[in-house]
Amino acid sequence: MGNLLKVLTCTDLYQGPNFFLDFENARPMESEQETWELVDAVLRDADSILLELKNYQSANIEIRAAIADASSERLQEEAWEAVCPLVSKLKSFYDFSVRLEGALQSLLTALTCPPLTATQHLEREQALAKQFADILHFTLQFDELKVRERRRERKRGQHWGYWGR
């Protein structure tokens, strides 16, 4: 994988590879079809995962209220009802990350295996290279949404840190 990243981050065109990635017209060849389909099945769910994260609403208010008045059955029930759907949503995020990790491992294996060099793989297997770029793009968007949510929670005074503060 290091060689693949080295090729992608090359800044001196005279010393490094010089090739064109045609992401708009990239189609999987027969030799890469199996890996492409595996990764594509995961990437098809990426937009819905991002949408779920974008619309994610924490249950911090309900949890704080339930903790503040632990004897209130009503507040305990409200917190429980607010938390249960979020646990399911977080589980779907986790399950997707496991699937994405497996797809990424298959993709990187296909893009770095001998006898071809990383440059040759990128030149010949542009559909897989596009999928690699799609995974990087998804990862950056996902992380950006998580950071935004943390900032919103801090502004609202709902960030507890590691110790429930």
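How many residues does α7 have, and how far does α7 reach from its first C-alpha to its last? Select α7 and you get 30 residues reaching 43 Å, close to the 44 Å expected at 1.5 Å a residue. That expected span is 1.5 Å times one less than the number of residues in the helix. Helices here are DSSP runs (H or I, at least four residues) and strands are E runs of at least two, numbered from the N terminus.

Before moving on, some housekeeping: this is a predicted model, with local features needing pLDDT of at least 70 and side-chain atom pairs counting only at pLDDT 80 or more, while totals for chains, interfaces and linings use all residues. Residues are numbered from 1 along each chain as its sequence is written, and side-chain values use heavy atoms, leaving out hydrogens and water.

**The whole chain**

Zoom out and colour by secondary structure. The protein chain comes to seven helices and zero strands, so to speak a plain α-α-α-α-α-α-α when read along the sequence. Of the 165 residues in the protein chain, 29% are buried (under 20% relative accessible area; exposed is over 50%, partly exposed in between, with a 1.4 Å probe and protein chains only). Now look at contacts, meaning heavy atoms within 4.5 Å. Among those between residues at least 6 apart in sequence, 77% join residues at least 24 apart.

**α5 against α7**

Select residues 73-112 for α5 and residues 126-155 for α7. Their axes come within 10 Å and cross at roughly 145°. The axes are lines fitted to C-alpha atoms, for helices over the stretch in contact, and angles run from 0 to 180 degrees between N-to-C directions. The crossing of α5 past α7 is left-handed, that is, the near helix is turned anticlockwise from the far one by less than a right angle (clockwise would be right-handed).

Show the side chains next. From α5, the contact uses Phe96, Leu100, Leu104, Leu107, Leu108, Ala110 and Leu111; α7 brings Leu128, Ala129, Gln131, Phe132, Ile135 and Phe138. By class, that makes 12 nonpolar, one polar and no charged residues. For the classes, Ala, Val, Leu, Ile, Met, Phe, Trp, Tyr, Cys and Pro count as nonpolar, Asp, Glu, Lys and Arg as charged, and the others, Gly among them, as polar. While α7 is selected, pick out its buried residues, including Phe142, Leu145, Glu149 and Glu153.

**Thr35, looking in from α2**

Go to Thr35, in helix α2 (residues 33-43). Thr35 is buried, at a relative accessible area of 18%. Leaving aside residues up to four places away in sequence, Thr35 touches Ser106, Leu107, Ala110, Leu128 and Gln131.

**The loop and α6**

Follow the chain out of α5 to Pro115, in the loop between α5 and α6. The peptide bond from Pro114 to Pro115 is cis, with omega near 10°. For context, most peptide bonds are trans.

Step on to His121 in helix α6 (residues 118-124). Buried or exposed? His121 is buried, with a relative accessible area of 2%. Its side chain reaches the backbone oxygen of Ala110 at 3.1 Å. Beyond residues up to four places away in sequence, His121 touches Ala110, Leu111, Thr112, Cys113 and Leu116.

**α3 on α5**

Ala46, Ile49, Glu52 and Leu53 of α3 meet Lys89, Ser92, Phe93 and Phe96 of α5. The residues of this contact divide into five nonpolar, one polar and two charged.

Cys84, in α5, is partly exposed at 33% relative accessible area. Draw a C-alpha to C-alpha distance from Cys84 to Ala59: 9.6 Å in space, for 25 residues apart in sequence. Finish at Ile63 in helix α4 (residues 60-68), partly exposed with a relative accessible area of 26%. The C-alpha atoms of Ile63 and Ala82 are separated by 8.4 Å, and the two are 19 residues apart along the chain.

Methods: Polar contact = N/O pair within 3.5 Å; in protein donor to acceptor, adjacent residues only side chain to side chain.
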